[in-house]
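Please look over the model below before reading my notes.

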Amino acid sequence: MATPVQPLAKKRAVKGSAWKALVSHYKAVSNLHLQQLFADDPKRGQRMAIEAVGLYLDYSKNRVSDETLNLLLQLAEESGLRARIDAMFSGEKINITEKRAVLHVALRAPKDTSILVDGKNVVPEVHAVLDRMADFSERVRSGEWKGHTGKRIRNVINIGIGGSDLGPVMAYEALRHYSERSITFRFVSNVDGTDFAEAVQGLDPAETLFIVSSKTFTTLETMTNAQTARSWSLAGLGGDEKSVAKHFVAVSTNATEVTKFGIDTANMFGFWDWVGGRYSMDSAIGLSTMIAIGPDNFRAMLDGFHQMDEHFRTSPFERNLPVLMGLLGLWYNDFFGAQTVAVLPYEQYLKRFPAYLQQLTMESNGKHVTLDGKVVAYDTSPIYWGEPGTNGQHSFYQLIHQGTRLIPCDFIAFAKPLDQLGRHHDILLANVFAQSEALAFGKTPEQVKAEGTPDWLVPHRVFEGNRPSNTILAEQLTPEVLGKLVALYEHSVFTQGVLWNIDSFDQWGVELGKVLAQRIIPEVENGAEPVLNHDSSTNTLIRRYRKLKE
């Protein structure tokens, strides 16, 4: 194919036999076309597919042979993946830079499970919080919870950022079909004032409940928005400070700051330092989700998470959905030089799923040093992006089909629609299958000529094909299935982190900009001209901003 083949995988810090074998194997198979792979194996489409916990993964349209898969599986074994999985599930402190356990799996563990952190079973605490969330959610949904003036709550606004926003937004949009339609749900994350102004547009403060999600209750963006929400609420409720307790609840662990804000700590829902923000949507961070879809649906989602957790924990790697997806992603990232992955859900309710995955994947594995602090000698996380089908087909699919970059794709589709309207769903699914077929097999010059295309136009209408994809098919988008999908990608990210020997659970890369912003804020706010000690560009930008805002 004309698509440039990127330089072979860079030297790995620790070369195992599987990695060395993959380097040699790549040279032999890198130009092998999917057309040939399918021609040589008529049953490839049936053979290279797995069904587990209600998800069907067709990975046959990947540029791999049986030998490729065997070598990738050997790499997983050599990297100690099984031991790392066991370490995570047993509560070991595998987040080494923060010396923390990594136990988002405990958030969806059944009540009778025992998962120890520092010798203490954390599962009872998890279920205690879930029970409190369920009680509160039912009170809001039923109208029992009243605002300061006695009106029922008709608007819920979640204030958070990062994992405290992306998860709840994605889950709400994904499960809107199951949501309580008598309540309006909105989300505020950006410190840009427009985000808040638009969120409260047209709302009655007497009918509005804010959920402020910040573990420390000091996050700059979240607390700036929370204070603005407090002022807005008080202004609409006669300035009575007692009203705050009826219109604000907290997802936090800082009782002192929560109390100072005016929130009753009886309405503070906690979580734990062994839950990273991007893995927290099924913790108390999901309070807005539970209010929207109800406790029963929320618990069904947790059950879906748990089913995938157990599949990942116990299934052999060759039949393990997250492991296979992680290995295939590494194959393209480190050997073909593919820099991005397109996630393409053919389900409008999943419109925010690619955005959610951006944090999950890139904040987890966007690392430049190994667990022992050495600079990596290979590429880590690719860039994740995507849009729902069929919108993307009329936007960026041109690049995927005929561009010069290799972009592996994950197609996600469901056999049954949540909203049955005439022929819509059959047409939607036909497009899923057509796109993966077109990407894999393309259209040769001979086929284009046979259609009567003039010779001068033939090159423009040729599709090289050999563009890899996975197709994930489930029966219907339910709360349970959403849990399975999210956990599938969580564990795929974990798999790749182990193979790259990096810490997937810290995020030091977000810190430097925060620190510098705290330094610059007074420099742009103060009335007196500040003494600036930044670089010449930053100094000039600050001065120009100060002048323009006068």
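1. Basis. This is a predicted model, in which local features need pLDDT of at least 70, side-chain atom pairs count only at pLDDT 80 or more, and totals for chains, interfaces and linings use all residues. Residues are numbered from 1 along each chain as its sequence is written, and side-chain values use heavy atoms, with hydrogens and water left out.

2. Main core. The largest nonpolar core has 125 residues. Such a core is a set of buried Ala, Val, Leu, Ile, Met, Phe, Trp, Tyr and Cys residues joined through side-chain atoms within 4.5 Å. Buried means under 20% relative accessible area, exposed over 50%, and partly exposed in between, with a 1.4 Å probe and protein chains only. Trp 274, Trp 331, Phe 353, Leu 482 and Tyr 489 have the most contacts inside this core. Helix H20 (residues 479-500) gives the most to it, twelve residues. Helices (H or I, at least four residues) and strands (E, at least two) are DSSP runs, numbered from the N terminus.

3. Beyond residues up to four places away in sequence, Phe 353 touches Met 170, Val 343, Ile 412, Leu 485, Val 486 and Tyr 489. Contact means heavy atoms within 4.5 Å. Another core, of 21 residues, lies apart from the largest one; Ala 199, Val 212, Phe 217 and Ala 250 are among its members.

4. Helix H4. Gly 80 follows H4, with a positive phi near 75 degrees.

5. Cavities. How many cavities of 30 Å³ or more does the structure hold? There are five. A cavity is a set of points, on a 1 Å grid over the protein atoms alone, where a 1.4 Å probe fits but cannot get out; a pocket is an open set with protein on both sides within 12 Å along at least five of seven lines; lining residues have an atom within 4 Å of a point. The largest cavity has a volume of about 130 Å³. Its lining has 16 residues, and Met 325, Gly 329, Val 341, Asp 410 and Asn 470 lie nearest the centre. H14 gives the most to this lining, with four residues.

6. Largest pocket. It holds about 1,000 Å³ of space. Volume here is the space filled by probe spheres set on grid points, which are joined across faces, edges and corners. Of its 39 lining residues, Thr 219, Gln 507, Val 510, Glu 511 and Lys 514 are the closest to the centre. H21 supplies the largest share of the lining, four residues.

7. Thr 222. This residue lies in helix H9 (residues 220-236). Thr 222 is buried, at a relative accessible area of 1%. Leaving out residues up to four places away in sequence, Thr 222 touches Ile 159, Gly 160, Ile 161, Val 212, Ser 213 and Ser 214.

8. Ser 243. Is Ser 243 buried or exposed? Ser 243 is buried, with a relative accessible area of 0%. Its place is in the loop between H9 and helix H10 (244-247).
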